[in-house]
Amino acid sequence: PRVDGLSLGPSVGKYCANVVVFGVRHLPKMDVMGSVDPIVQVAASEDGRSAQGQFVKTRVFQKKYSTSFADKNTGCPEVCEVRDVSTRAGAGVLVQVMDWNRLQKNQLIGSVFIPFPPNGHIEGWHKL
């Protein structure tokens with residue numbers, strides 16, 4: 001997924017991360033009919049393997065292998081505000097791209113851990 005504008009800011013004694021999700025590209029076929037319905041979910045993580053707290057999710061884009069998450073009317077990308085973020089060394093956000101399913105559990109397509117840099121800001125495409 002392309003994540004731009006990952007930044008830390010104080011939020012009531014804790015930190016929050018605003019993760020701006022611009023889109024996904026080159027996703028594999030996941031469903032029986034050969035389509036994929038991507039949804040991105042983001043959570044704070046201290047070890048890169050497990051989420052600390054709830055995942056914040058984007059909306060679902062049905063039957064899209066590559067898509068921009070920008071709103072059709074405003075052109076603004078999706079922003080996921082992740083709360084209670086740790087500022088210790090090695091902490092960051094866990095970003096997962098899932099294939100949304102109406103009747104079954106969503107399937108994981110891939111994930112990436114993005115550690116917080118010292119300046120608190122990172123941009124660019126990240127491979128799953």
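The model is predicted: local features need pLDDT of at least 70, side-chain atom pairs count only at pLDDT 80 or more, and totals for chains, interfaces and linings use all residues. Residues are numbered from 1 along each chain as its sequence is written, and side-chain values use heavy atoms, with hydrogens and water left out.

The protein has nine strands and zero helices. Strands (E, at least two residues) and helices (H or I, at least four) are DSSP runs, numbered from the N terminus. The order of elements from the N terminus is β-β-β-β-β-β-β-β-β. The protein has 128 residues, and 41% of them count as buried. Buried means under 20% relative accessible area, exposed means over 50%, and partly exposed lies in between (1.4 Å probe, protein chains only). Among contacts with a separation of 6 or more, 60% join residues 24 or more positions apart. Contact means heavy atoms within 4.5 Å.

An open sheet is built from four strands in the order β4-β3-β7-β8, with antiparallel pairing. Its edge strands, β4 (52-57) and β8 (107-115), each pair on one side only. From one strand to the next, the twist averages 20 degrees. Axes here are lines fitted to C-alpha atoms, for helices over the stretch in contact, and angles run from 0 to 180 degrees between N-to-C directions. Two strands pair if DSSP finds at least two bridges between them.

Strand β3 pairs with β7 (residues 92-99) over eight bridges, in the antiparallel sense. In this pairing, Pro38 stands opposite Asp99, and Ala43 stands opposite Leu94. Strand β3 also pairs with β4, again antiparallel, over three bridges. Here Gln41 has Lys57 as its bridge partner in β4. β3 and β4 form a hairpin with six residues between them. Gly48, in the turn, has a positive phi of about 85 degrees.

Cover is a clear feature of β3: eight of its eight residues are buried. Side chains in a regular strand alternate between the two faces of the sheet. In β3, Pro38, Val40, Val42 and Ala44 point one way. Ile39, Gln41, Ala43 and Ser45 point the other way.

Gln96 lies in strand β7. Gln96 counts as buried because its relative accessibility is 15%. Gln96 and Gln41 are 55 residues apart along the chain, yet their C-alpha atoms are separated by 5.3 Å. Neighbours within four places in sequence aside, Gln96 is in contact with Ile39, Val40, Gln41, Phe55, Leu108, Gly110 and Ser111.

Asp37 sits in the loop between β2 (14-24) and β3 (38-45). Asp37 is buried but has no salt bridge. A salt bridge is a side-chain nitrogen of Lys or Arg within 4 Å of a carboxyl oxygen of Asp or Glu. The nearest side chain of opposite charge is Lys63, 4.9 Å away. Lys and Arg count as positive, and Asp and Glu as negative; His and the chain ends are not counted. Leaving aside neighbours within four places in sequence, the contacts of Asp37 include Asp31, Lys63, Asp99 and Trp100.
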